[in-house]
Amino acid sequence: MTNRTYREVRLAARPTGPVTDDLFEIVEVPVPEPGPGQVLVRNTHMGLGAVMRSLMDEHNDVPIPSYEVGAPLHGHAIGEVVAAPGTDLNPGDLVEHQLGWREYALLDADAATRLDPDLMPDPAAYLSQGATALMGIERGAEVRPGDTVFVTGAAGGVGTLAGQVARQFGAARVIGSTGSQQKADRLIKELGYDAVVIRGAGPIEEQLREAAPDGIDAVFDNVGGEQLEAALALANRDARVAIVGALASQLSQDGTTVKVAVDSLSLLIRSITLRGIALYKHLDLIPQWNRRFAAGLRDGTLTFPHARLQGIEQAPRALRELTEGRHLGAVVVEL
């Protein structure tokens with residue numbers, strides 16, 4: 001090993017509003033030596049997600065531990081095994097784990113999953129949020145051939161893939177929501193969305209009514225708030241609504257929870273299914289997604305929209321820009 005030190009990103013303070021660069025500190029620390037049953041990984045890529053803003057708070061409602069002030073952050077990462085004494089991993093193996101935000105990771109061998117280095121045309125594709133997209137489309141919204149599907153937060157790492165997956169499941173019309181005309185244009189031109197409603201460009205329900213004159217059959221909701229209310233207003237009889245994310249609350253400027261008004265009688269009369277669904281209960285979909293995604297990337301039927309920043313020093317900026325909605329698709333930091 002030539003580098004005897006490495007850099008990691010620590011939480012310097014808890015946010016009181018939006019993510020800012022001064023909430024993080026980059027520290028240089030010694031490279032550890034793995035003991036029996038441990039694996040030392042040189043991280044090559046890490047992925048970011050909006051949930052990380054929630055984890056910066058002392059208390060959160062997601063089943064992931066909050067970050068600790070003064071300690072390195074954590075998150076999805078891939079890398080190459082450097083040493084793994086007493087395990088079935090070998091130097092050079094490609095693995096994934098949850099100790100991102102650092103250039104080297106020391107973890108128990110059972111916390112690292114070996115990956116096929118030849119499966120994906122780009123190893124960063126292992127950091128996509130496509131398993132969540134597949135889960136919401138297939139098991140949450142139960143998209144069927146001929147459906148009109150509405151995907152909220154369509155320009156994010158999940159939404160950019162959810163629209164593509166909906167089409168694979170036979171959706172006849174796919175509508176998205178996003179925060180700018182520029183992103184709306186790209187969703188239509190590059191990712192096959194038929195129409196896009198824009199947050200801030202007028203009442204969402206009115207825009208959605210124009211985009212879906214025959215109503216909506218399946219909803220993949222990443223956002224909540226006004227967008228979910230609009231989707232419920234236009235939901236057809238027997239519509240399926242998957243609650244996959246809650247960006248309106250996670251990224252609210254003052255940290256408050258965004259409530260949704262639900263007319264339960266109307267939902268009952270129309271036999272609408274409203275289902276919250278989370279990936280930690282559907283982990284079997286991860287290898288399924290990896291195979292589906294690899295095949296789609298190779299034959300051109302799927303794409304991986306993402307922004308890629310270089311160097312761990314860019315990780316705080318990457319999370320800030322993600323929460324500000326600066327990028328289309330996933331956000332990856334190449335280490």
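Leaving aside its neighbours within four places in sequence, which residues is arginine 275 in contact with? In this predicted model, the partners are Arg139, Gly140, Glu142, Val241, Ala242 and Ile243.

- You will find arginine 275 in strand β13, which covers residues 273-276.
- Arginine 275 has a relative accessibility of 26%, so it counts as partly exposed, because that class lies between the 20% and 50% cut-offs.
- For a sense of distance, tyrosine 6 sits 269 residues away from arginine 275 along the chain, and their C-alpha atoms are separated by 43 Å.

**Aromatic residues**
- Searching the whole structure turns up 4 aromatic pairs.
- One of these is formed by tryptophan 289 and phenylalanine 293, whose rings are stacked, with 4.7 Å from centre to centre and 25 degrees between the planes.
- Tryptophan 289 and phenylalanine 293 both belong to helix α9 (residues 285-299), and because they are 4 residues apart there, about one helical turn separates them.
- Both tryptophan 289 and phenylalanine 293 are buried.

**Threonine 323 in helix α10**
- Helix α10 spans residues 315-323 and includes threonine 323.
- Threonine 323 counts as buried because its relative accessibility is 18%, and the cut-off for buried is under 20%.
- A polar atom of the threonine 323 side chain lies 2.8 Å from the backbone oxygen of arginine 320.

**Out on the surface**
- Leu265, Leu268 and Ile269 make up a nonpolar surface patch, and together they have about 330 Å² of accessible area.
- Leucine 268, one of the patch residues, is located in helix α8 (residues 264-269).
- With a relative accessible area of 62%, leucine 268 is exposed, as the cut-off for that class is over 50%.
- Glycine 86 belongs to the loop between β4 (77-83) and β5 (94-97).
- Glycine 86 is exposed too, because its relative accessibility is 81%.
- Between glycine 86 and alanine 195 there are 54 Å in space, C-alpha to C-alpha, and the two are 109 residues apart in sequence.

Terms used. Residues numbered from 1 in each chain as written. Predicted model: local features only at pLDDT ≥ 70, side-chain atom pairs only at ≥ 80, totals over all residues. Heavy atoms only, no water. Helix = DSSP H or I, 4+ residues; strand = E, 2+ residues; numbered from the N terminus. Buried < 20%, exposed > 50% of the residue type's maximum accessible area, 1.4 Å probe, protein only. Contact = heavy atoms within 4.5 Å. Patch = residues over 30% accessible without salt bridge, like charges linked within 9 Å, V, L, I, M, F, W, Y side chains within 5 Å. Areas by Shrake-Rupley, 256 points an atom, 1.4 Å probe, with all protein chains shown as cover. Salt bridge = Lys/Arg side-chain N within 4 Å of Asp/Glu carboxyl O. Polar contact = N/O pair within 3.5 Å; in protein donor to acceptor, adjacent residues only side chain to side chain. Phe/Tyr/Trp six-rings, centres within 6.5 Å; stacked < 30°, edge-to-face > 60°.
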